[in-house]
Structure formats: structure tokens, C-alpha cells
2 protein chains.
Amino acid sequence: MALKKKPVTGMKDMLPKEMEIRDYVIQMIKDTYKTFGFTSMETPCVEHIENLCSKQGGDNEKLIFKILKRGEKLKIDEAKEESDLVDGGLRYDLTVPLARYYANHANELPSPFKAMQIGNVWRADRPQRGRFRQFVQCDIDILGEPSNLAEIELILATTAMLGKLGFSNFTVCINDRNILKAMAAYSGFREEDYDEVFIILDKMDKIGAEGVANELNELGGYTKENVDTYLALFDQISGDIEGIRFCKEKLNGFLDEKIADGMEMIISSVEAAKEAEFKVKFDPTLVRGQSYYTGTIFEIRMDEFGGSVAGGGRYDKMIGKFTGQDTPACGFSIGFERIAMLLLENGYEPGNKKEKKAYLIEKNMPKEGILNVLAMAKADREAGKQVLIVNMKKNKKFQKDQLAEEGYADIQEVYRDSIN
Amino acid sequence: MALKKKPVTGMKDMLPKEMEIRDYVIQMIKDTYKTFGFTSMETPCVEHIENLCSKQGGDNEKLIFKILKRGEKLKIDEAKEESDLVDGGLRYDLTVPLARYYANHANELPSPFKAMQIGNVWRADRPQRGRFRQFVQCDIDILGEPSNLAEIELILATTAMLGKLGFSNFTVCINDRNILKAMAAYSGFREEDYDEVFIILDKMDKIGAEGVANELNELGGYTKENVDTYLALFDQISGDIEGIRFCKEKLNGFLDEKIADGMEMIISSVEAAKEAEFKVKFDPTLVRGQSYYTGTIFEIRMDEFGGSVAGGGRYDKMIGKFTGQDTPACGFSIGFERIAMLLLENGYEPGNKKEKKAYLIEKNMPKEGILNVLAMAKADREAGKQVLIVNMKKNKKFQKDQLAEEGYADIQEVYRDSIN
């Protein structure tokens, strides 16, 4: 078989310039989240196929890279369908593996457990610009904390981190699946139709209120009044604490008061304690696709991204699927790839650069000369510099230009005669 | 299908304590290698199956986790063998992907290219203690540098890094495949038998000179004299520069003098410029399995590991398999997992720890109280601390003991009455 030079379809080789920014952003994320008391953890990239196909991942489950069974377990002749051939798959997110991890190790972990994960995930999506089949996710999650302290800390940590990377004027949008449900119930929609109603509502950005009204009317089984009542609510609810208070009153009987109070608490706490410049907004149209969310949902929108750059929420039922016992859980995931890409495109300069020094040594330099250069390089490193030793090329000018472009401001030529 | 709590067979969940050390070691590796002029790069974890099965990986090619084709490309009914079902696999090392990467991007990369890679690799090995099917490799490679400057820098950088992690008194063993070949040729072995001869020689540690002699005698086609001549050489060659000079003379006609001169140059340069406490030794019995090595080979042995903790060598022919044009290449890979495990077992304390402060807040603390704690936490973080805010539990003493164990030396209890 011929060897292939390109990476596999939809995946990407990282060149040094991009890696420099990625390494820097990862370090910044780790450092910042650590100061909020989060601890690093990791699961294997390969997960049981049963866990990946447990209907918690929604559409992502259609995109799994599946791993062939090995040895005697693989029976190609007898295989009828995919599931006969595979026993594992590459994880499509970090949340399902985290739930498995917590179920497996709860006794060895602090309670609550504040987890930080940075790792690759894979989705066999149709390749398109800026979207790759392998990408890094950065998640923080707080497991075992039922109070809104979890939401507050997740939002404060994530926004502080974005602030440190130089982002500002973004918006944190918050909603709660219970408010979504209460609004639907109040308008007369039946519980079995909620998911469909929310899928339509989620298109508000794209198709507008009229488009949403049309699709809701096409649902069948509902009157124009149901739809009008529902849409009128969105007009009446303001995107602030007043809006939440309005919901609390208006949806009385459909919405637990504690939900509204909690939302108010989250928004005012984040406003008071935030460590970056941004807005916090109550957004009753926020849906977030993942079916596993059970309570608060939130995302961060930034104009530069034309959309969401981070998303999360509460998923109190997932760990129970592994253990039989529900555990409060809440997480926030940032779009690492989009952030790194934007910084790269904007020519962002990592703040941790060392002085770079290059030694250009004459060809066939005798041993004494090499030893001399090695000793100088050692001293430079001890002085905190980043040192490159290279053999001089025929086109020395071109070589020096290239080095300058790579950031080597100090380039020293070394000739055998110049060594004593 | 029932959900599974354990990780997949042979792979490992990383608990916070282990992650802390791993993160620290990775940062130390990156920082150190950077000062030697190496730059980060990355390839996807999934590689073309053609590249993984190109006979460059030796036995590792039997251990590949293979990835099922997707969509219409997967034809289960027509499949006769594994290769009909798969189009990719998880990389089993970082060297083959690096060669592909360089072949694909040479025009965009500095020349020589000093690459640093830290990433997961996968091998479906029989599970055993301390060996996992997913593990991290840390490689540095210098591509496009034909001179021994490459070997010298690889050895200096790797040993400096080990020194910074507190290791000393290890031994760097060096040999050259050309010396191996010259010794075999001198003793009358035929070229087509070299690989078998070296496989036997590689067992010297385990079965001793007598065992090696027996197996060589069983090879067939050689006299006792051949074997005796061969083994006598190992007795005559000392593990230092004298030994190299002896080879140069003794193997005259079988060994290019430049090889011996280069070895001498490497050893004396490393001795002169080393940044850690270790020995450098010429070891004519060093074989190293990988069939792709073409010149120098080296490894680092440490008593604590009962064997090798790093290995590498020159592989000048691999990139040519992708491009049709050979490119000098030399790399050094450290056993990250073994190093991290040893540090963990020895209770190693990362040197970058921040002061850790915890706030224990009374249950159902009113909003003003929460805001107050959030403000104090913010100030603590600004002062460089790592801050945890948790709700007080019924068993407060146990909770505080746990926190103390996690390194929270400063634990402040906050009650509603204590907030003004």
C-alpha cells in the first residue's frame, strides 16, 4: 500500500505557530481554573461502545469513530451489523466519560468534585471549514454540588479565563430547562411534545418569531391561541432579573419558585463577583441541544465568533445511569478550537515568550569549536534564554532571515578562527 | 445495553493526584525542550491504516486499534478480512506520524526542524501491571540535520530534563547500527542473517554470553569460530572512547572510520556539556528493536527503572518512504509513563504549588453571605492563591480533615452571623 502524506480526512496537523498559541491557551486555562479550585483529571480516549451509544449524546452518537474488536473476538464471517464488529469507540465528548469516571471513583474523590478536563474528542462530521473531526474540548464540571454555587463558580471561572486571554464584551446567556417547560405548559403544550417545541424554539435566531410560529402551528393538535400565548411570553419577558421575576409570577403553578430565585441568585452573584468585562442575560429562548440537561443551561456568545464560544448546564441524572443513584452535576465547556483559531488569525502573541538566541556554526567545525558553542548555549539557557544551534548553510542570508522570522533576534555566527 | 463503570480493558482513569504530577512533568518537559530550541507540533491520533501497516513499526503493527469505515464505505456483507473493514487506526508511536507530517509540510517548517511531541499512543498489548494500552509518549526529533550535532543535542536536552526532575546517576548507552553490522561482518556472519544475530545479541542481559553463544551456534551455517570471534570482540571492547578507538582499528575494512569518529565526538561533547549528573557509555551490545534505525542508537538506563527509561536513534530512511527523497532524522523518546509512575510512588511534590485556601460556608447561606465570600475569594486569587468554596457538611470535622489532606492549609468557616 502506498504511504499517504496528508492527515486523515477532516483531521489536522498542527504547525509550530499554531501549537505555540494552543500550548499557551491550554496553560492559561489550567492555571486559571486551578485558582478556582478545579483539579485535573483524565479518562482514556477510547470508551466502551455501550457507554457511547446510551442515547445521552443525541446526534453525536451517529458520528462515533468505532474501534474494531481484536483477536478471537472479531468474527467477520458471522457479523451482521456494526455492533457485532466493534467493542469501543473514540469519545465524542468529555461529559459521558466523566460520568463513568465519577461512578467508578466517587469514593476516591473529593466531594464536591471540581473536575477540569482538557482532551481530544472525535466526531465523524461532514468535513467543513474550521470544523475538524478531532478537536480539543476544555470542560470544567462540579459533581455533587446541588446548590447554585456550582453554576456561579463555573461561570466566574470560565469568564475569568476568557478575560485573561484578552476577550471582553461577551454575553453570558442563562436559562433553565424548567422555565422552558413551564412556559410550554403555561401555553398549553403537552409534555410529550416539549422536545419538538424546543427544537423549533431553538431556531428563533435563524427563522425569527414568525418562522417559529409557523412551525409550531404545523405541529398539529394545538390551536392558534396556544402558539400566540407562547410567543407573547417571549415578548413580555425582559432579559434581566425583572424578566425572571415576571416569570416567577406569570408562570405561577407551572414553575417552582425556587427555580426563579436560583436564577436571580446566579445572575446577581456573577454580576457582583465577575473578574472580566461581560454581560449576564436571562434568555428564555436558550435551549441547548443536549438532551441530558435537567436544570440551568447557559452559554457565552461573542460577536467575533458569530455565536456561542462556550456552553454548559446542569445534568443531575447522568451519573445515576451508571450508579443507580442520582448525583448533582453541572458543567461548562469552552470552544477551545474556535478560541485558538481566533487568536491565531488575530496574530495574538503569547505572553510567556523567552528571549531566543541562535548560533550559526561554520560547516565542519572542529570538536573544540562545537564544545565552545555548547558551553555558550548552556550559559544562555541558564540565563533563561531559548537557544538554537545550527550549521551554517550556503545561503547564509536566507537562513538568517528565516531565523529572524522564527523570532531569533540574536543570531551569532561562529567560525573556527573565532574560537581560541 | 448496560452502562459500564470501569474504563476499557488495559486503559486507565487518571485520578487528581496522578494528574497533578503528570501535568507538572509535561510542563517541565515542554519548558526544558523549548530552551534547546525545540518547537511543539502535533498530528492527529488517528492515522491512515496504510501508514500504520507499512512495516516500519515492527511488532507494534500487530497491536493497532483499528477504526471501522463509516457510511457507505463500510460493506459488512462483502468483507473478507480486517483490511476490508477499516480505513484508519490509532497511532502506535509518534515517529511514523512525524515522518508523514514532515513529508507533508517540509516547505512550511524550519530546516533543520527540531520537533517536540507529547501525545497519546495506543497498543493493544496484553494487559499487565504498569503497562497500559493508552500511554503518553514524549519525543524530540531533529529532521534535516545530517551531522552528529543532532545526537548531541537530543542527548543533552533529554538528560537535562531528567536532571530537572531530580534524576541523577543514570547511564546513557550509545551504539551505532553500523558498528553492530561491522562486528557481525568481521566475525563472518552474512548480511541476510544480521537481524537474527542482533535479536540474539539483544538477549545478552537476560541469557548472558553463554546463552548468546548457544543461540548463535543454533543459527546454522556458521562455525564455532565465527561465534567465538564475535563474542570475543565484546570482551575486548571497553565501554568508553578507548573502546570506540579499538573498534575503529580492529574493524578496519568493515567499518567506515567516520562512524567511529562520530561516536567519539558525541560521547566527548555530551561529557563536556552535560547539564545533569550521569555517565555516557559506549555499549556495543545495544541493539534497540525498531527496524527503522539506520545509524546511531542510544538509550538511558536507570537502576530505579530496572531498565531503559528513554531510547532513540537515527532513522535516515523513513521520511524518504513518504517523499521519495531521504532526509536525515534522529529522535529521542522518553518513557513518560514510567517516569510519572516512579515520581508518584516516591511521593514527589511538584515544585509549582500555590497556597490553597478553602471557605466552608454555612448551609443555606443568604445571598449577601455568598457575595461576601465570592469577593474574598477573588481577592485571594488576585494574591496568587488557589481558592475553594464549599458548602459546610454535617460532619464538619471529617470535611476539614479531607480538605487538609488535599492540601488546603488555610480553611475558613463562614457563618451567616459572621457576615455584616
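Reply: Happy to. The sheet in chain B is open and has eight strands in the order β1-β5-β6-β11-β10-β9-β7-β8, with mixed pairing. Strands count as paired if DSSP finds at least two bridges between them. The strands themselves are DSSP runs of E with at least two residues, helices are runs of H or I with at least four, and both are numbered from the N terminus. At the edges stand β1 (39-40) and β8 (278-282) of chain B, each with a single partner strand, so one side of each has no neighbour in the sheet.

Before going further, a word on the source. This is a predicted model, in which local features need pLDDT of at least 70 and side-chain atom pairs count only at pLDDT 80 or more, while totals for chains, interfaces and linings use all residues. Residues are numbered from 1 along each chain as its sequence is written, and chains are lettered from A and ligands numbered from 1 in the order in which they are written.

Back to the sheet. Strand β6 (residues 134-143) of chain B runs antiparallel to β11 (residues 329-334) of chain B, and six bridges join them. Strands of a sheet pair through backbone hydrogen bonds, either parallel or antiparallel.

The loop between α5 (149-164) and β7 of chain B holds B:Asn169. Phi of B:Asn169 is near 60 degrees, a positive value in a residue other than glycine. B:Asn169 is exposed, with 11 other C-beta atoms within 10 Å. (Exposed means 12 or fewer such atoms, buried means 20 or more, and partly exposed is in between, with C-beta atoms placed from the backbone.)

On the β5 side, look at the loop between α4 (95-105) and β5 (113-122) of chain B, where B:Pro112 lies. A cis peptide bond joins B:Ser111 to B:Pro112, with omega at about -5 degrees. Chain A has a cis peptide bond between A:Ser111 and A:Pro112, also with omega at about -5 degrees.

There is another strand pair to visit in chain B. Strand β12 (residues 356-361) of chain B runs parallel to β13(B), and six bridges join the two. B:Lys356 stands opposite B:Gln386 in β13(B). Strand β13 (residues 386-391) of chain B is mostly covered, with five of its six residues buried. In the loop between β12 and α14 (367-382) of chain B you will find B:Asn364. B:Asn364 has a positive phi, near 55 degrees, although the residue is not glycine. B:Asn364 counts as exposed, with 9 C-beta neighbours inside 10 Å.

Finally, the partner chain. The contact takes 85 residues from chain B and 85 residues from chain A. On the chain B side these comprise 41 nonpolar, 19 polar and 25 charged residues. Here Ala, Val, Leu, Ile, Met, Phe, Trp, Tyr, Cys and Pro count as nonpolar, Asp, Glu, Lys and Arg as charged, and the others, Gly among them, as polar.

Definitions and conventions
Contact = placed C-beta atoms within 7 Å.
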